[in-house]
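Subject: Structure for you to look at

Hello,

Here is the structure I said I would pass on. My notes on some of its helices follow below.

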Amino acid sequence: WLLIFSCGLVGVALVIGLIWWIIVSIWIIVSINESAPTVDEKPYEEMSESEQTERNVNIGQEVYEAATKDAQNTGESNESDKAAAAEVFQQAANSAQNTTEANVIRVSQMRYLLENGEYSDILEIGQSVCEDTSLDLVTRISCANIMALAAHEKDDQTLYEYYNGLQEQLIDEKIRLEYPEGGQDE
């Protein structure tokens, strides 16, 4: 009787141990997969200019769409829509992976503000953003363009000339990068 009882206990212990081992193994595998960084993209600094532009356009557009989805449903923009959009842009910038990504989101916010005639807010946000040389050229050109338009609307000729000149300089740089041999066939 003692032998049968002991074998039964050992059998139950083996089954419980096997179940415990399976659960722990699954938990370890899931933990490793969740903590492993995704390797779908190379680091931003190692991307080409066009890859950086594509990535930044996607980030900016995604946040812009999230910020404006409620206003797009009503077809009219009002103060509550503007406040909700400002909150979405702020949260996205705060949760950005780095300063470059946060500045991409701010340029997207500047686009939204331009569409809503909030020129003073653009000038406040954009001054540090447009000087971020880690941004791709297309994003910097867009930033300088929005700043020039806002400065023009606020009748600030000095600021307008500065950002218009910056925009022209960045466009020239972009052309030189895309067409290193002059761009024209002789």
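The crossing of α4 and α5 is left-handed (the near helix is turned anticlockwise from the far one by less than a right angle; clockwise would be right-handed). The residues in contact (heavy atoms within 4.5 Å) are N103, R106, V107, Q109, M110, L113 and L114 on the α4 side, and Y119, D121, I122, I125, G126 and V129 on the α5 side. The axes of α4 (residues 99-115) and α5 (residues 119-129) come within 9 Å and cross at roughly 160 degrees, which makes the two helices roughly antiparallel (an angle over 145 degrees; under 35 is roughly parallel, 65 to 115 roughly perpendicular and the rest oblique). Axes are lines fitted to C-alpha atoms over the stretch in contact, with angles from 0 to 180 degrees between N-to-C directions.

Before the rest, some conventions. This is a predicted model, in which local features need pLDDT of at least 70 and side-chain atom pairs count only at pLDDT 80 or more, while totals for chains, interfaces and linings use all residues. Residues are numbered from 1 along each chain as its sequence is written, and side-chain values use heavy atoms, with hydrogens and water left out. Helices are DSSP runs (H or I, at least four residues), numbered from the N terminus, and strands are E runs of at least two.

Helix α4

α4 has 17 residues and reaches 24 Å from its first C-alpha to its last, close to the 24 Å expected at 1.5 Å a residue (1.5 Å times one less than the number of residues). Of these 17 residues, 12 are buried, so α4 is largely enclosed by the rest of the structure (buried is under 20% relative accessible area, exposed over 50%, partly exposed in between, with a 1.4 Å probe and protein chains only). Among the buried residues are E101, N103, Q109 and Y112. At the start of the helix, a side-chain oxygen of N98 comes within 3.2 Å of the backbone nitrogen of T100. After α4 comes G117, with a positive phi near 70 degrees.

The end C-alpha atoms of α6 (residues 137-153) are 24 Å apart, in agreement with the 24 Å its 17 residues should span. D136 caps its N-terminal end, with a side-chain oxygen 3.2 Å from the backbone nitrogen of V138. Just after α6, D155 has a positive phi of about 60 degrees. Buried residues of α6 include R140, I141 and A144.

Q167 lies in α7 (residues 157-178) and counts as buried at 13% relative accessibility. Leaving aside residues up to four places away in sequence, Q167 touches I141, A144 and N145.

Regards

Notes:
Polar contact = N/O pair within 3.5 Å; in protein donor to acceptor, adjacent residues only side chain to side chain.
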